[in-house]
Amino acid sequence: MTARVHLERDGDVAVVVIDNPPVNAGSAEVRRGLLQALETVAGDDGLRAAVLIGAGNTFIAGSDLREFGQPLQEPQLPAVIAAIEACDKPVVAALHGAALGGGFELALGCDARVAAAGTVVGLPEVTLGIIPGAGGTQRLPRLVGVPKAIELVCSGARVTSGQALALGLIDSEAEGELRAAAVAHARRLVGSKARVRDRGVPAADAQAVEQASAAALKAGKGRPAVRAAIEAVVSAAQFPIDEGLLRERSAFQDLRVSREARALRHQFFAERDSARLPEVEGVAPRPVQHVAVIGAGTMGTGIAIAALDAGFDVALLEQDEAALRRGVERIREHYAGRVQAGKLKASVAAQCELRLQPTTDWSVLALSDLVIEAVFEDLEVKRQVFARIDGLARPGAVLASNTSYLDLDAIAQATRRPRDVIGLHFFSPAHVMRLLEVVRGAATAPDVLATGLVLAKRLRKLPVVTGNAFGFIGNRIYAAYRRQCEFMIEEGAWPEEVDAALEAFGFAMGPFAVADLSGLDIAWRMRQAQAATRDPAARYVHIPDRLCEAGRLGRKTGAGYYLYESGSRGRKSDPAVHGLIEQARADKGLVRRTLGDGEIQRRALLAMVNEAARLLAEGVARRASDVDVVLVNGFGFPRWEGGPVFWARERGAEALAQDMDWLAELSGAGFVRGDLRHVLQQAE
């Protein structure tokens, strides 16, 4: 057929093999090959049925997303599916690995679907800012009904083969070898067709449709693709299928060229590339099975849970028995809650807890392949801990610090083996957040860096490699963003106005709400650590320091930028904070002015972009896209905006340069301009 599709004969059944490694993406060449294969099947009297199957480890894990930013090449997927449905011989999809997006739409166009156990199917297009465009919104409701189809399409859920069988998404789970089972199924269908398009859409209660739509809109934050997906699925019950298919395709074509879809595709590729490091390709990582976590606080127990979930043997080390008991109790409560919620089998939770070894005996480090320090964020404390680790850990063990902003090289120098030291900056809660900054020190060995990347994959984390600099990528950029927001409240905006403007842009939380949640004392300690090296002429806002001095440390003290009254779940503006801010303005002789949402958003984002340019110039961030991965996955930047670098590129070089002149003037003394070429030159 083509280099990516070939036809094999199993007696009177054609086995059409899709071979487009690594994931059999449904490229134009694959589509051409499928059409040619179908023509052969239709014209060969010796063939009475066909089976579509993927070579390697998967069926078709999705379309080739790089095509979506360009005019689509012919034949397009709807034409391939139409050919399957027009063929007078039955066509069976043999699914294994993953059948996602266009791959699952292709399977829905077949007369039957046979899946190997463990296969996952789904339509994740909405998570990429588009909708299924090859019949997914029209055929799926005919199998599961409109309410369930809304849920599946709008969430982009991946459904396992067992669940898919129960829902009617597949016809059978293969017992034994998949190819043989699919061929046998195809032979049973000879002489008939079983097209999904010929089925009616099951009647659905209007209230159930409304509830499913409301839930999808809420979960999907009302984004355009969610709205379009709901409309398309509902239309399956309102129009003949051919009209529904035309409506679906029109919406798909409009969405795929939208800015939001471009941003989400950018983020998809940025996440895929973040773990790619040419200098460690072919470098064997060090073997890791036994992990020691030092510190049983919130972060340490979160890291321990992540390691237990990944199948590691974990020693949780504390110097204090009471602190250790509290940490163990947090871990047990976590697993008990997962079991009670039906998200984890009791037997699996029990196995995880069995692999946990709580201890106050430091000699356990001698048995560990990886030691992760998660103690108080103080350089001298961490250096003391690493000096002690150095005397106990076995030769070749990887020594990791969970520091979020301290100098990794200064920590490594407390040991006699800085080559073994790496930074693993987990984000809180560590067992939930996907992002993991993998920090390379000046002496970190290549195989230690490779170990960090392999570890991240096993922990199901999204790794981004960063150089050693204060705050690394994420906290350094976030500090610049927060500092600019502090400038704005000093000039005239209230904290709640800044938060509202940035939440309207799409941030999960505004900076001052985040500060209250994490604790104002954390950033206060960072500022104190930097005080000796701070340029005395640089603009400095004293407002957050005065809040801390007044004991307003955020939610944990009931007051920070906001007031948190007992029994109230929300935050409230506090006149006392307004008074403190007004006094700070008066002390500097500043006259309050009004800042609109547009200015607040623009200044905050430009501050991020400027700091990203500096980090790229310094080599702290390797790729501009890594910045977007960190900010989206660790700091609540809206995914549908792509990240600060994508946002900057969309503005264009000329507008961005003018923006930076404006920002520098507003920011005052001490503002260091980044070289914007480092942001713009790496555009895909």
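Predicted model: local features only at pLDDT ≥ 70, side-chain atom pairs only at ≥ 80, totals over all residues.
A residue counts as buried when its relative accessible area is under 20%.

**View 1. Strand S11 is mostly covered.** Strand S11 spans residues 313-317. Of its 5 residues, 4 are buried. Two strands pair with S11, as the next views show.

**View 2. Strands S10 and S11 run parallel.** S10 covers residues 290-294. It is joined to S11 by 5 bridges.

View 3. Residues 356-359 form S12. Here 4 bridges link S11 and S12. Look for Leu-316, which stands opposite Pro-358 of S12. Strands of a sheet pair through backbone hydrogen bonds, and they do so either parallel or antiparallel.

**View 4. Three strands form an open sheet.** The order is S5-S7-S8, with mixed pairing. S5 (98-100) and S8 (158-160) are the edge strands, each pairing on one side only. On average, neighbouring strands of this sheet are turned by 20 degrees against each other, direction ignored.

**View 5. Strands S5 and S7 pair in parallel.** S7 is made of residues 120-122. The link between S5 and S7 consists of 3 bridges. Within it, Leu-100 stands opposite Gly-122 of S7.

**View 6. Ser-235 is buried in helix H9.** The helix runs over residues 224-235, and Ser-235 is found in it. The relative accessible area of Ser-235 is 4%, so this serine falls under the 20% cut-off and is buried. Its side chain reaches the backbone oxygen of Ala-232 at 2.6 Å. Leaving aside residues up to four places away in sequence, Ser-235 touches Gln-138 and Gly-244.

**View 7. Cys-110 takes part in no disulfide.** A search of the whole structure finds 0 disulfides. For Cys-110, the nearest cysteine sulfur is that of Cys-87, 10 Å away.

**View 8. Cys-154 is another buried cysteine.** Its relative accessibility is 10%. That value is under 20%, so Cys-154 counts as buried.

Notes: Residues numbered from 1 in each chain as written. Heavy atoms only, no water. Buried < 20%, exposed > 50% of the residue type's maximum accessible area, 1.4 Å probe, protein only. Polar contact = N/O pair within 3.5 Å; in protein donor to acceptor, adjacent residues only side chain to side chain. Contact = heavy atoms within 4.5 Å. Pairing = 2+ DSSP bridges. Axes fitted to C-alpha atoms, helices over the stretch in contact; angles between N-to-C directions. Disulfide = S-S within 2.5 Å.
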